[in-house]
Amino acid sequence: MDDPLIDDSDHRQALQGLRRVNWLSRTESAVWRQIRRLAPTRAAEQTLSILDIASGGGDLAIRLAQTAQRNRLSIAIDGCDISQTAIEYATEQTSAAGLENICFHLCNALEQPLPKVHYDVVMCSLFLHHLSTEDSVTLLRKMKSAATQLVLIDDLRRTRLGYWMAWVGCRLLTRCHVVHIDGPMSVEGAFTIDEARAIAEQAGLTGVSIDRHWPQRFVLTWSPANGDAHARW
């Protein structure tokens, strides 16, 4: 899925397969638990602004918007991705879901300005493992600069169990050969929790919180308000 020359139909099939993987992984639940903690600090009429970097097919943004709607929390989500195919697919899915508070932008987050200067929450999911350590530090610094309340990263953990779960799970959930290859390779390219913490500290995010969640993933969070908090894992 990292190949810019990937066929459009293969890419769309891969995005559909990844949507099933994210559904089984309950990624939106792990992310929502962190975001909902901001709700008590906001007035009822305030809208929480969220940027989802490398938003892919938009399934996480859509599920977050639906969950927020059920919980009567007003949010507005911008998604950005380097792939025009992903932007078009995500926009189609958002329209089909009848959501008007999500907008997707074509953007290389590592090299181009983000859609807006500041957001309450800047997050990314299943993106860090595609990056080198150097690019990961660059990304986290950019996220830190843009986030006024929360930086949130959800990603894979590099473990042997995670590799075999990805190998089996991707084959059970989709027939897409791109996902069959990308899943296990993504685990191989992922960071351990200690490595993720070191990258965050190098980027200036001191006192991050890192929690494990199913299946062999982690959520890293950092807030400007408690940057000196003790890390936990």
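Visitor: What makes the link between the side chains of D78 and Y119 a polar contact?
Guide: A polar contact is a pair of N or O atoms within 3.5 Å; within protein, one must be able to donate a hydrogen and the other to accept it, and residues adjacent in sequence count only if both atoms are side-chain atoms. The side chains of D78 and Y119 are joined at 2.7 Å, so the pair falls within the 3.5 Å limit. Keep in mind that this is a predicted model, where local features need pLDDT of at least 70, side-chain atom pairs count only at pLDDT 80 or more, and totals for chains, interfaces and linings use all residues. Residues are numbered from 1 along each chain as its sequence is written, and side-chain values use heavy atoms, with hydrogens and water left out.

Visitor: Why is D78 called buried?
Guide: Buried means under 20% relative accessible area, exposed means over 50%, and partly exposed is in between (1.4 Å probe, protein chains only). D78 has 8%, so it's buried.

Visitor: What makes the stretch 75-81, where D78 lies, a strand?
Guide: Helices (H or I, at least four residues) and strands (E, at least two) are DSSP runs, numbered from the N terminus. D78 lies in β2, residues 75-81. The protein comes to eight helices and seven strands. In β2, six of its seven residues are buried.

Visitor: How do you know that β1 and β2 pair?
Guide: Two strands pair if DSSP finds at least two bridges between them. Here six bridges join β1 to β2, and the strands run parallel, so they meet the rule. L48 stands opposite I75 in β2. On to β3 (residues 102-106): five bridges join β2 to it, also parallel, and C80 has H105 as its bridge partner there.

Visitor: Why is the unit of β1, α3 and β2 called right-handed?
Guide: A crossover is right-handed if, with the strands pointing away from the viewer, the path from the first strand over the helix to the second runs clockwise. The β-α-β unit of β1, α3 and β2 is right-handed, so its path runs clockwise in that view. The unit of β2, helix α4 (residues 84-96) and β3 is right-handed too.

Visitor: What puts the buried residues of α8 on the same side?
Guide: In helix α8 (residues 193-202), the buried ones are I193, A196, R197, I199 and A200. They cover an arc of only 160° around the axis, so they sit on the same side of α8; the arc is that of the directions from the helix axis to the C-beta atoms. These buried residues pack against α5 (133-146), β6 (209-213) and β7 (217-222).

Visitor: Why say that both faces of β7 are covered?
Guide: In a regular strand the side chains alternate between the two faces of the sheet. In β7, R217, V219 and T221 are on one side, F218, L220 and W222 are on the other, and all are buried. β7 also pairs antiparallel with β6 through five bridges, and H213 stands opposite R217.

Terms used
Contact = heavy atoms within 4.5 Å.
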